[in-house]
Amino acid sequence: MPSGPSYLRVFLTFARNSLVRNMTFRGNFLIETFSSMSWVFMNLGFYILVFQHTPRIGDVSNWGEYSFAWGKYEFFLFLSTTLMVNSLVQALFMENASEFGEMIRTGTLDFALLKPIDTQFLISLQRIDWSSLGNLVVGIGLAVFSLHKIGWVPSVWQVLLFMLFVICGVAIMYSLMIALAATSIWLGRNQSLYNFWFYITNFSRYPMEIYRGTYGTPLRMFFTFIIPVLVVVNVPARFLVRPLVPQTPMDLLLPVFAFVATVASLVGSRWVFNRSLLSYRSASS
Amino acid sequence: MTMAVVEIESLAKSYRVYQKAEGLAASVAGLFHRKYRTVEAVRGIDLTVEAGEFVAFLGPNGAGKTTTLKLLSGVINPTSGTARVLGHVPWRRENAYRRRFALVMGQKNQLWWDLPAAESFRLHQQIYRIDPAEFDRTRDELTGMLAIRNLLSQPVRELSLGERMKMELTAALLHKPDVLFLDEPTIGLDVVAQYKIQDFLKHYQRERGITTLLTSHYMKDVAALCRRVVIITHGRIMFDGSLAQIVDRFGGHKVITLLFADGHIPGDLGVYGEVISEEPPRAKVRVDRGDVTATLGRILQQHPVVDVNVEDPPLEEMIAEVFSQVDESAGKDGELVVGRGG
């Protein structure tokens with residue numbers, strides 16, 4: 001008896017099958033790619049407008065070692081990080097998470113539970129939405145363009161750390177998403193997934209420097225320590241924008257925290273996922 | 001000595017269901033205070049199935065047949081009791097177990113809807129880690145037997161229901177399971193497709209000696225395939241034996257078909273038994289099993305009969321009778337336990 005399946009090969013088959021499926025509905029595929037890209041460019045236009053009113057976001061003077069001022073192109077680097085994280089999450093997990101809710105509602109989760117493979121892996125990755133990867137390309141393009149405008153060439157280490165923490169960010173977002181989707185086992189139906197996604201990404205897509213004052217500080221604390229979405233984009237983006245040395249204590253602590261938060265999110269969401277399966281009732285028939 | 005493949009002991013599963021009242025006001029009230037009722041889908045089942053058996057689960061809708069199959073597949077967890085299949089506790093969902101059985105459901109499909117079945121099969125090959133050469137051989141053999149080889153590259157959504165079911169069966173058997181659970185595999189199919197699937201299952205099961213549990217509402221499936229029948233109603237096993245035993249135990253009467261010489265059906269036929277149908281020159285009379293010879297003798301003496309046929313009532317009718325008998329006795333202790341929750 002062979003031991004277990006090769007997860008990489010299964011994933012590649014998922015990716016391949018999804019691509020074939022995406023291509024079957026070519027028109028739909030093109031429209032999806034186009035509409036999500038135009039959303040990006042509209043956003044970009046909006047921030048160009050904002051930067052007509054202010055040279056930078058965040059202020060060095062009031063916040064001491066914690067803060068960082070984001071000029072226009074620094075902010076575009078931040079924005080490109082958001083794009084990369086979001087497009088990866090959407091391409092890999094978004095469709096699967098909403099499909100998961102549907103499988104619970106209709107009872108087709110049965111088949112996933114029968115397969116001799118990790119159920120969470122199967123549920124989380126069986127469909128890949130290739131059309132969402134268009135924004136990954138746009139994000140990389142925007143990053144290269146912004147770096148060029150600043151005249152700043154990041155070191156190899158910076159790029160590697162950037163990539164590592166983009167992956168951490170994706171993992172945090174994924175954990176939130178799959179945990180939320182798993183609640184449909186108890187709720188019978190949970191359609192708030194897309195809304196939730198919008199609310200959360202709304203908070204994660206700004207530099208944490210803007211969360212200050214009587215309203216901002218509690219928000220920053222909440223979205224850092226309770227639902228750690230603020231570290232999702234902020235941590236990798238900082239690695240790209242600022243040189244690695246010199247570092248402030250905060251610059252060191254935040255990535256360490258982000259890493260811990262990633263592990264905790266993954267462990268926590270796996271726990272929720274497994275708990276939810278215990279309550280699965282397998283609808284109809 | 002044969003080996004027990006399925007061992008079930010006092011297996012029970014109950015669900016708490018939100019009881020939704022009608023009307024808007026009640027719906028709003030339901031937001032704050034909910035009434036639940038407990039549905040006992042399976043109420044303590046004991047069953048042993050030996051290797052190579054083909055067992056049918058019969059019972060009305062909601063009797064607990066499918067729930068039992070789902071418990072044995074490890075898809076849901078039981079409320080109490082134990083079960084072992086091939087030595088594994090199903091709901092632990094160990095890969096070692098999951099690689100050895102398959103579940104086919106007539107009402108749910110697992111193949112990728114927009115892709116050709118061949119692509120889904122390929123995915124199965126990887127998930128079950130089937131040796132490529134063996135995979136090709138098994139796939140060709142199954143699709144050959146089911147006569148669907150030419151449909152492999154057509155998107156599943158373009159297949160007919162019967163073709164799709166054959167593809168589902170193929171997908172489920174690619175990894176050569178030792179135990180097969182079939183939940184109404186022929187539901188909604190036309191007679192020809194039903195027959196073909198029955199025929200396939202019969203041969204496949206016999207050839208491979210695979211232990212099979214089947215639920216179906218089509219008595220033809222059951223009669224064609226299973227020597228052993230388990231009747232489940234209200235979550236309990238009411239009968240476990242052969243089809244012939246059902247006839248002995250529940251077939252309390254026989255049906256006598258009479259062909260009258262003069263084409264005229266006598267008016268007093270009712271005295272011999274219940275007249276089921278009158279289609280001159282034929283009439284059908286239902287007679288108690290023990291009285292068949294005596295009654296027939298009297299009829300033949302009194303009336304000009306040219307042909308006689310004595311047979312058991314149709315299996316469907318007999319099973320329906322079993323169900324309704326059980327219904328009457330079970331109605332008293334009540335199917336539902338009503339409870340309240342917050």
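Which residues are linked in a network of salt bridges? They are Arg21(A), Glu95(A), Asp114(B), Arg157(B) and Glu158(B). The model is predicted. Over all chains, the count comes to 19 salt bridges and 0 disulfides.

**Salt bridges**
- Side chains of opposite charge can pair when their charged atoms come close.
- Arg157(B) pairs with Glu158(B), with the closest N and O atoms 3.5 Å apart. Arg157(B) is partly exposed at 29% relative accessible area. Glu158(B) is partly exposed too, at 48%.
- Lys108(B) and Asp110(A) form a salt bridge at 2.8 Å, N to O. Lys108(B) sits in the loop between strand S5 (101-105) and helix H4 (117-127) of chain B, and Asp110(A) in helix H5 (residues 109-114) of chain A, so this pair joins two chains. Lys108(B) is buried at 4% relative accessibility, and Asp110(A) is buried at 0%.
- Arg105(A) meets Glu102(A) in a salt bridge of 2.7 Å, N to O. They are 3 residues apart in helix H4 (residues 72-106) of chain A, so about one helical turn separates them. Arg105(A) is partly exposed at 36%, and Glu102(A) at 34%.

**Surface patch**
- Val156(A), Trp157(A), Val159(A), Leu160(A) and Met163(A) make a nonpolar surface patch of about 520 Å².
- Met163(A) lies in helix H8 (residues 156-182) of chain A. Its relative accessible area is 43%, so Met163(A) counts as partly exposed.

**Cysteines**
- Cys168(A) is buried, at 6% relative accessibility.
- Cys226(B) is buried, with a relative accessible area of 6%.

**Domains of chain B**
- Chain B is assigned domain 1 (1-100 + 177-190 + 208-251 + 314-342), domain 2 (111-176) and domain 3 (252-311).
- The C-alpha centres of domain 1 and domain 3 of chain B are 40 Å apart. Their contact takes 6 residues from domain 1 and 4 residues from domain 3.

Note on methods:
Residues are numbered from 1 along each chain as its sequence is written. Chains are lettered from A and ligands numbered from 1 in the order in which they are written. This is a predicted model: local features need pLDDT of at least 70, side-chain atom pairs count only at pLDDT 80 or more; totals for chains, interfaces and linings use all residues. Side-chain values use heavy atoms; hydrogens and water are left out. Patches are made of residues with over 30% relative accessible area and no salt bridge: like charges are joined within 9 Å, nonpolar side chains (Val, Leu, Ile, Met, Phe, Trp, Tyr) within 5 Å. Accessible areas come from the Shrake-Rupley method with a 1.4 Å probe; for residues, only the protein chains shown count as cover. A salt bridge is a side-chain nitrogen of Lys or Arg within 4 Å of a carboxyl oxygen of Asp or Glu. Helices (H or I, at least four residues) and strands (E, at least two) are DSSP runs, numbered from the N terminus. Buried means under 20% relative accessible area, exposed over 50%, partly exposed in between (1.4 Å probe, protein chains only). A disulfide is a pair of cysteine sulfur atoms within 2.5 Å. Domain bounds come from an automatic or database domain assignment. Contact means heavy atoms within 4.5 Å.
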